[in-house]
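Subject: Structure for you to look at

Hello,

Here is the structure I promised to pass on. Please open it and keep it beside you as you read my notes.

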Amino acid sequence: MKRAGMIICLLLLIGCKSKTVKRDTEDLKIKKVPTAEINSNQQNKAYSLGKRVLETCNTSKFKPFNETEVTKSVMENTTEERLTKTCLRFRQYYGSFIDLKLDGVYKTKQETIYRYHALYTKKVANKELRVFVNEENLVSAIKSMDWDEKFDIKITE
């Protein structure tokens, strides 16, 4: 009985082919937006929402997003509990949040990415905040990560 089970399992494994997934590489390309083409209203929105998230670490008060500012998934994922957990770690390692400095604006097929250098009181802090704005002018993602010095090298002009 064990042997029959093993043979069936082997036949299933051999019979299953892995599927090849075709991706449209245009969706993955990121292009730098020239300064003259930056939408100032959208830039201000990205800045203010990104700053609102990081200032929560200083004030411990978060004004929740609404449906005219962000997508539903961002609204659901940006909770006071999650921010508090992240803020405790950030304040311990990086100090108090000071401000955001725009480093560049980039465009994919579906989104505009605002890349900010997040400034903190401790000099060891080398963080960036990326705010993704979709075609409906809603923030679709906010990501904090370590500063990537080689980011511009990966960009197609």
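Arginine 52 sits in helix α2. Bear in mind that this is a predicted model.

Is arginine 52 buried or exposed? Its relative accessible area is 16%. Buried means under 20%, so arginine 52 counts as buried.

What does arginine 52 touch, apart from its neighbours within four places in sequence? Its contacts are Phe62, Lys63, Pro64, Phe65 and Glu69. Take lysine 63 from that list. Arginine 52 and lysine 63 are 11 residues apart in sequence, yet 7.8 Å apart in space, C-alpha to C-alpha. Now take glutamate 69. Its side chain and that of arginine 52 are joined by a polar contact of 2.6 Å.

**Helix α2 against helix α4**

Helix α2 covers residues 40–59, and helix α4 covers residues 80–94. They pack at an angle of about 70°, and their axes are 9 Å apart. The two helices are therefore roughly perpendicular to each other. On the α2 side, the residues that meet α4 are Val53, Thr56, Cys57 and Asn58. On the α4 side they are Leu83, Cys87 and Arg91. This contact is made up of 4 nonpolar, 2 polar and 1 charged residues.

**The whole chain**

The protein chain has 4 helices and 5 strands. Their order along the sequence is α-β-α-α-α-β-β-β-β. The chain has 157 residues, and 34% of them count as buried. Its accessible surface is about 11,100 Å², with 55% belonging to carbon and sulfur atoms.

Best wishes

Terms used
Residues numbered from 1 in each chain as written. Predicted model: local features only at pLDDT ≥ 70, side-chain atom pairs only at ≥ 80, totals over all residues. Heavy atoms only, no water. Buried < 20%, exposed > 50% of the residue type's maximum accessible area, 1.4 Å probe, protein only. Areas by Shrake-Rupley, 256 points an atom, 1.4 Å probe, with all protein chains shown as cover. Axes fitted to C-alpha atoms, helices over the stretch in contact; angles between N-to-C directions. Parallel < 35°, antiparallel > 145°, perpendicular 65-115°, else oblique. Contact = heavy atoms within 4.5 Å. Nonpolar A, V, L, I, M, F, W, Y, C, P; charged D, E, K, R; others polar. Polar contact = N/O pair within 3.5 Å; in protein donor to acceptor, adjacent residues only side chain to side chain.
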